[in-house]
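Here is a short note to read beside the model. Please keep the structure open as you go.

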Amino acid sequence: MNKGNKNKYIELAKHCIGLDRKKPYKRHGKYFYTPYRNFFATGSNYEDWETMKDAGYADRDKEKNQHGGYTYWLTRAGLDWLGEQLGMHIHDEAD
């Protein structure tokens, strides 16, 4: 991922897991977040999500959705990457 576009990818990833609406919690001086969702449905403009997918940070459905795009979600690697960028541990329902 291009370093200049990193903030764009961070914002997409935060929205995907609801971190733009809910705040992380702090325990023993460290921040943690438990997503209440992990999906992002795109329209026909999904190049940024494909970049994240190619980097291993996201995956998607095989079939296009009703908006002409795909539904993406963050992988464990993507959750770890985002957490590293934001200085927190992001839990996954599979953890």
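1. Ground rules. The model is predicted: local features need pLDDT of at least 70, side-chain atom pairs count only at pLDDT 80 or more, and totals for chains, interfaces and linings use all residues. Residues are numbered from 1 along each chain as its sequence is written, and side-chain values use heavy atoms, with hydrogens and water left out.

2. Ring pairs. Rings of Phe, Tyr and Trp (its six-membered ring) pair if their centres lie within 6.5 Å; planes under 30 degrees apart are stacked, over 60 edge-to-face, the rest tilted. The count is 6 aromatic pairs. Tyr25 and Phe32 are stacked, because their ring centres are 5.7 Å apart and their planes are at 20°. Phe40 and Trp49 are tilted, at 5.1 Å centre to centre and 35° between the planes.

3. Burial and cluster. Both Phe40 and Trp49 are buried (under 20% relative accessible area, with exposed over 50% and partly exposed in between; 1.4 Å probe, protein chains only). Ring pairs link Phe40 and Trp49 with Tyr46, Tyr70 and Tyr72 in a cluster.

4. Charges over rings. The test is NZ of Lys or CZ of Arg within 6 Å of the ring centre and within 35 degrees of the ring normal. Arg60 lies over the face of Tyr70, 3.8 Å from the ring centre. Lys8 lies over the face of Tyr9, at 5.6 Å.

5. Helix contact. Which residues of α3 does α1 meet? They are Trp81, Leu82, Gln85 and Leu86 (contact means heavy atoms within 4.5 Å; helices are DSSP runs of H or I, at least four residues, numbered from the N terminus). On the α1 side are Lys6, Tyr9, Ile10, Ala13 and Lys14.

Key. Helix = DSSP H or I, 4+ residues; strand = E, 2+ residues; numbered from the N terminus.
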